[in-house]
Amino acid sequence: VAILCIIAAFVPTKYTIKREIAINAPTETVYNYVRFHSNQKDFNQWLQYDPNTKIELKGNADGQEGSILYFKSKNIKTGEGEWKNTRLIKNQQIDFNLQFISPYVFTAGGALYFKPQSTDKTTLLWEFKSGKNWPSNIILLFVNMDKIIGGDIEKTLKNIKLNTEKL
């Protein structure tokens with residue numbers, strides 16, 4: 001056990017996952033679609049694992065800073081937790097915090113960056129940040145979080161692209 005604790009002292013405690021997609025829609029359209037939690041059932045891959053996921057909007061008005069999406073599912077990939085919009089910069093950025101309650105307890109954060117490429121084309125960058133405190137960070141040596149989470153982020157971004165290009 002002592003050896004594992006010593007090894008963990010040299011393992012990073014934080015990780016960042018980034019994914020990006022080009023969308024053939026104006027930045028304002030993409031931003032206004034993504035900022036509303038009421039649309040997440042239509043694009044968020046994790047919520048789509050279980051069509052019976054319970055969803056509740058809490059906090060401030062949907063689409064505003066402080067709005068919260070509460071979700072609860074029996075599916076292990078969805079689980080139970082809250083997604084909170086913590087900062088919105090119109091047509092540029094949405095900062096968020098995720099609080100997972102079950103089946104795993106942890107927090108994560110990140111941002112969605114909206115970059116106009118032309119009047120009708122947007123690049124959407126998703127940045128996801130989380131980590132494990134010492135000594136549990138030792139798990140990051142054996143678990144590829146980019147592979148585990150990155151694929152679902154990519155699917156979510158593809159869903160956003162598909163849905164906003166129809167608007």
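This is a predicted model: local features need pLDDT of at least 70, side-chain atom pairs count only at pLDDT 80 or more; totals for chains, interfaces and linings use all residues.
The word "buried" stands for under 20% relative accessible area, "exposed" for over 50% and "partly exposed" for what lies in between, with a 1.4 Å probe and protein chains only.

Glu-165 forms a salt bridge with Lys-161, and the closest N and O atoms of this pair are 2.8 Å apart. A salt bridge here is a side-chain nitrogen of Lys or Arg within 4 Å of a carboxyl oxygen of Asp or Glu. Side chains of opposite charge can pair when their charged atoms come close. Lys-161 is likewise partly exposed, at a relative accessible area of 23%. By the same rule the structure has nine salt bridges, and one of them joins the side chains of Asp-152 and Lys-77, at 3.4 Å from N to O. Because Asp-152 belongs to helix α5 and Lys-77 to the loop between β3 and β4, this pair ties together parts that are 75 residues apart in sequence. Helices (H or I, at least four residues) and strands (E, at least two) are DSSP runs, numbered from the N terminus. Within the pair, Asp-152 is buried, with a relative accessible area of 3%, whereas Lys-77 is partly exposed at 42%.

Another salt bridge links the side chains of Arg-87 and Asp-95, at 2.9 Å from N to O. Here Arg-87 is partly exposed, with a relative accessible area of 38%, and Asp-95 counts as buried at 15%. Lys-18, Glu-127 and Lys-129, in turn, are linked in a network of salt bridges.

The search runs on a 1 Å grid over the protein atoms alone, where a pocket is an open set of points with protein on both sides within 12 Å along at least five of seven lines, a cavity is a set of points where a 1.4 Å probe fits but cannot get out, and lining residues have an atom within 4 Å of a point. Grid points are joined across faces, edges and corners, and a volume is the space filled by probe spheres set on the points. The lining of the largest pocket divides into 20 nonpolar, seven polar and three charged residues, where Ala, Val, Leu, Ile, Met, Phe, Trp, Tyr, Cys and Pro count as nonpolar, Asp, Glu, Lys and Arg as charged, and the others, Gly among them, as polar.

The structure also holds one cavity of 30 Å³ or more. The lining of the largest cavity is made up of Val-34, Gln-40, Phe-43, Trp-83, Asn-85, Ile-94 and Leu-112, with α3 (40–43) and β4 (80–89) as the elements that give two or more residues to it. These lining residues divide into five nonpolar, two polar and no charged.

Two features of the backbone lie in loops. A cis peptide bond, with omega about 0 degrees, joins Ser-102 and Pro-103, and Pro-103 is placed in the loop between β5 and β6 (106–118). Asn-91, in the loop between β4 and β5, has a positive phi of about 60 degrees although it is not a glycine.

In strand β7, Leu-124 is buried, with a relative accessible area of 0%, and its C-alpha is 7.9 Å from that of Leu-157, a residue 33 positions away in sequence. Lys-147, by contrast, lies in helix α5 and is exposed, with a relative accessible area of 65%.

Methods
Residues are numbered from 1 along each chain as its sequence is written. Side-chain values use heavy atoms; hydrogens and water are left out.
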